[in-house]
Structures are given as C-alpha cells and as structure tokens.
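Take a look at the structure below.

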Amino acid sequence: MEETKAAVFVAPANENIFIRLVSTSSEVLQLQDEDSLVFHPEYTHQLFGENECIFGYKQPRVDLWYGASTLTTYFHFGYNEKGSEADLEGAQIDFVEDIIGDKLAPGYLNNKEEFLARLERETSFRPFGELVHVYTSNEDDRECPYEVYKGDILTPGLRDYHARLQTFILWFIDAASFIDVDDENWQFYFLFERKTVDGQPMYCIVGYATVYKYYAFPDKTRPRISQFLILPTFQRRGHGAQLLQIIYNQYVGDQRVLDITVEDPSDEFTGLRDYVDAGNCSRLSSFQPSAMKSGFSQEMALQAQKQLKINKQQARKVYEILRLRATDRSNPVEYKDYRLAVKRRLNKPFQKEQSDLKKLERVLNPDELAATIASTGLEERHQKLNTLYEITEQSYLRTVEKLASM
Ligand SMILES: CC(C)(COP(=O)(O)OP(=O)(O)OC[C@H]1O[C@@H](n2cnc3c(N)ncnc32)[C@H](O)[C@@H]1OP(=O)(O)O)[C@@H](O)C(=O)NCCC(=O)NCCS
C-alpha cells in the first residue's frame with residue numbers, strides 16, 4: 001500500500017526531459033505547444049541512477065533549450081505535484097535543477113524571456129577555429145552547406161563553447177565523461193550547418209568530435225577519437241560519415257602519425273567506422289576482390305596503416321567485410337570457406353583454453369578428461385561461437401549493403 005503511494009512520484013527521466021535547439025525567438029513562439037523539434041536523452045543514468053527515473057514528482061518535465069548557434073542554454077523544471085515527506089516515505093527527493101544544473105555550463109538561464117531576447121545574437125555567432133572542410137548535402141532538393149572547424153584549447157572562445165556543447169554527450173553516449181580541456185593535446189572538430197537568415201550566414205551546430213594526440217614510441221603520434229556526436233535531429237543523414245572522413249583527412253598525410261584509434265567505441269560508432277573504413281580500404285590495391293580468398297595479408301595490414309592510418313585489428317575486420325562482399329553466398333564451398341575463416345579468428349580467445357585441455361589429455365584418464373571437458377562447456381562454447389558468428393555476419397552484411405547503395 002505504502003509502496004504504491006510513493007510509486008506515483010517516480011517518472012522515467014529520458015522521456016520527461018525535452019531538449020530543443022532553436023534559431024530564432026519566433027520559432028520558439030510558434031512551436032511552444034508542440035514538441036516536433038524536441039528530442040529526448042538516450043541515457044540519464046549518470047544523473048538519475050541506474051533506473052533512469054526522476055523521483056519525487058508527478059509528471060515532472062525538464063525543458064532544456066539551446067540557441068542553435070551560440071548554445072545559450074535555458075533550463076526549466078516543472079511538475080504537476082511534488083511528493084510530501086509522507087508521500088515519499090522519507091526517501092530522498094531528486095533536486096532536479098541541482099542535478100542537471102551541475103552538468104550545465106555556468107551562466108545558463110532560467111528566464112524564458114531573457115533566453116528569447118538572447119536569441120537575437122544567434123546570427124552574429126561565428127564558429128571558432130580554422131575552417132577545414134565544406135560540403136553540401138541534398139535536402140528537400142536543396143543543396144545545404146555544412147562546414148567543419150578545427151581548434152584547440154588555445155583557440156579564442158572555444159573553451160566556453162565546448163563547455164556548453166559537451167553536456168550533450170551525457171545524454172547520448174553511454175558512460176560518457178567530460179574531458180580535461182586544459183591539455184593542449186586535445187583537438188576539437190565542430191560541424192555546423194550554414195543557413196542564410198535575412199541575408200546573413202547563420203551557423204547551427206550539428207555535431208562535434210574530440211581527438212587526443214597520444215605519443216607513440218619513438219617519434220610518432222597516435223590520434224585517438226575520444227568523443228564523437230551527431231545531434232539526434234541530424235543523425236542518419238550522412239554527417240557522421242562526413243565528419244569522420246574529414247578527421248581522417250587531417251592525419252592520413254602526416255608522416256608522424258602512426259595510426260588513428262578510437263576510445264571505447266559505441267556500437268553505433270562501430271557501424272559508422274566500419275562503413276567509412278571499408279569504403280576507403282576498398283579503393284586500396286591489396287583489398288581488391290581477387291586478393292580476398294588468400295586471406296588477410298601483411299600487405300593489407302601495411303597498406304591500410306600507411307595510407308589510411310588504420311590499425312591492424314580494424315584492417316582485419318574490414319578485410320572480413322570486404323571478403324564477405326566478394327563471396328558468392330549461394331556457392332556452398334565459397335561460403336563455407338568464408339565462415340571458417342571468420343570463425344577461426346573469432347575462436348582465437350578460446351584457443352589458449354583448448355591448448356591447455358590438450359596438455360591435460362596427456363595426464364588425465366578418460367573419465368577425468370570427460371569431466372573436465374564437461375566442466376569447461378565445450379559444447380556451449382561451440383554454440384556461443386556460432387551465435388557470435390551470426391551476429392558478426394549480420395553486422396557485416398549491413399555494411400556491405402550500405403557500400404552497395406553508394
Ligand atoms: C554514431 C553516430 C556518430 C553516427 O552518425 P550519423 O550521422 O547518424 O551516421 P551517418 O548518417 O553518417 O551513417 C552512415 C552509415 O554509417 C553506418 N551507421 C551509422 N550509424 C549507425 C548505427 N547506429 N548502427 C549501425 N550502423 C550505423 C550506416 O551504414 C550508415 O548508413 P545508413 O544510415 O544509410 O544505414 C551518431 O548516431 C551519434 O552521434 N550517436 C550517438 C553518440 C555516439 O554513439 N557516439 C559515438 C561515441 S564513441
């Protein structure tokens with residue numbers, strides 16, 4: 001009974017946080033009652049605990065609005081009813097503004113009128129850093145321009161801008177953490193849509209990435225992509241692939257760069273990276289279809305590393321994707337060869353255990369050996385390997401299909 005009473009004051013955090021990027025005050029006023037441009041966080045566990053719930057209110061609602069250019073931030077928290085101490089059975093209420101405000105850059109606004117007035121400044125915003133690339137994307141039969149800027153912590157204005165932008169990663173990258181921007185080895189890439197408003201250019205943020213330049217013995221660097229985000233309203237429109245390629249282009253011609261790595265990539269980023277890397281490798285001579293059946297070669301590893309700065313492990317994965325593309329799956333022999341080659345690689349982590357078992361074979365009697373094999377679950381391992389293979393092939397096929405559509 002008591003439990004039911006408190007339960008009505010628990011609400012899912014993700015669906016009750018409403019994020020919106022706005023360019024002009026008239027846009028806000030027109031859309032005030034509809035949530036068409038709103039998006040919700042994917043993750044809130046870092047703020048609201050494992051269950052991602054706001055506790056203590058009936059129908060809580062957080063509005064988090066950002067100026068699409070300056071990222072001037074407006075925060076508002078409202079609710080239908082706040083639970084009393086008796087309602088909440090003494091449990092700690094969530095002080096929502098403290099929890100979220102702690103992650104927002106200082107200077108966010110609580111006053112909507114002030115926020116709307118500040119939106120007048122959006123058109124005078126200019127991106128920080130050096131313009132490194134411009135591309136267009138066809139949207140509704142219009143060629144829309146996008147620009148990528150690169151900077152570091154010494155770039156004037158970048159620090160504060162990044163502080164406002166990085167709060168997004170908490171909402172969209174699982175286990176994301178803020179970086180220590182004071183380190184000069186960080187490089188920042190910002191992607192903007194360039195609109196024209198009243199004849200003036202207006203730059204709206206689309207996404208960003210941070211790259212840390214690690215040292216690699218003896219005289220090389222190893223850039224590592226750390227954070228990478230395309231804002232939800234711009235996802236699956238090719239911008240991630242553009243931004244990743246632009247970042248690659250910054251380093252591929254640099255003799256001092258050993259390879260480009262990625263810190264703890266999400267599954268989503270892995271899908272993007274596989275597609276971009278496979279497209280790039282498919283243009284290298286060593287990755288041509290005729291070379292596929294002879295296996296992953298040293299030449300492939302070297303060429304991928306030298307020309308594209310792709311490390312050996314990723315080059316091997318790309319090889320498997322491109323070999324699948326070159327495999328006639330209706331030919332049982334060819335397809336079986338392919339599956340075996342991939343399974344052999346997937347099985348490597350288990351091989352050590354198997355070689356230990358072989359050693360045991362020499363010293364144990366048959367009964368003891370059978371018991372050992374049963375306890376190590378070889379049958380189960382076999383099934384796991386098959387499942388792992390199926391998952392791997394499915395994800396490879398998605399990349400192969402995407403490559404075919406280009
Ligand atoms: C992952 C992310 C950067 C991809 O950016 P994007 O602009 O949506 O990607 P693109 O439109 O350029 O995708 C190009 C291709 O990459 C692959 N790809 C992109 N996102 C993918 C995903 N979530 N799963 C599998 N493949 C994906 C697909 O082949 C895609 O083509 P398709 O959309 O026609 O299927 C973006 O979704 C994002 O920021 N996600 C949340 C944050 C995150 O996970 N960041 C990475 C942290 S390491």
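A polar backbone atom of R236 sits 2.7 Å from an oxygen atom of the ligand. That is a polar contact, meaning a pair of N or O atoms within 3.5 Å; within protein, one must be able to donate a hydrogen and the other to accept it, and residues adjacent in sequence count only if both atoms are side-chain atoms. This is a predicted model, where local features need pLDDT of at least 70 and side-chain atom pairs count only at pLDDT 80 or more, while totals for chains, interfaces and linings use all residues. Residues are numbered from 1 along each chain as its sequence is written, and side-chain values use heavy atoms, with hydrogens and water left out.

R236 has another feature. Its phi is positive, about 55 degrees, although R236 is not a glycine. R236 lies in the loop between β12 and α8. Helices (H or I, at least four residues) and strands (E, at least two) are DSSP runs, numbered from the N terminus.

An N or O atom in the side chain of S266 is 2.9 Å from a ligand oxygen atom. For K402, a polar side-chain atom lies 3.0 Å from an oxygen atom of the ligand. The ligand on its own has 890 Å² of accessible area (Shrake-Rupley method, 1.4 Å probe). The protein covers 84% of that area.

Follow α9 to its partner, α11 (residues 312-326). The two helices pack at an angle of about 75 degrees, with their axes 9 Å apart. Axes are lines fitted to C-alpha atoms over the stretch in contact, and angles run from 0 to 180 degrees between N-to-C directions. α9 and α11 are therefore roughly perpendicular (65 to 115 degrees). Their contact (heavy atoms within 4.5 Å) includes R273 and D277 of α9 and K317 and I321 of α11.

One last stop is a peptide bond. F217 and P218 are joined in cis, with omega about 0 degrees. P218 is placed in the loop between β11 (200-216) and β12.

Terms used
Angles under 35 degrees count as roughly parallel, over 145 as roughly antiparallel, 65 to 115 as roughly perpendicular and the rest as oblique.
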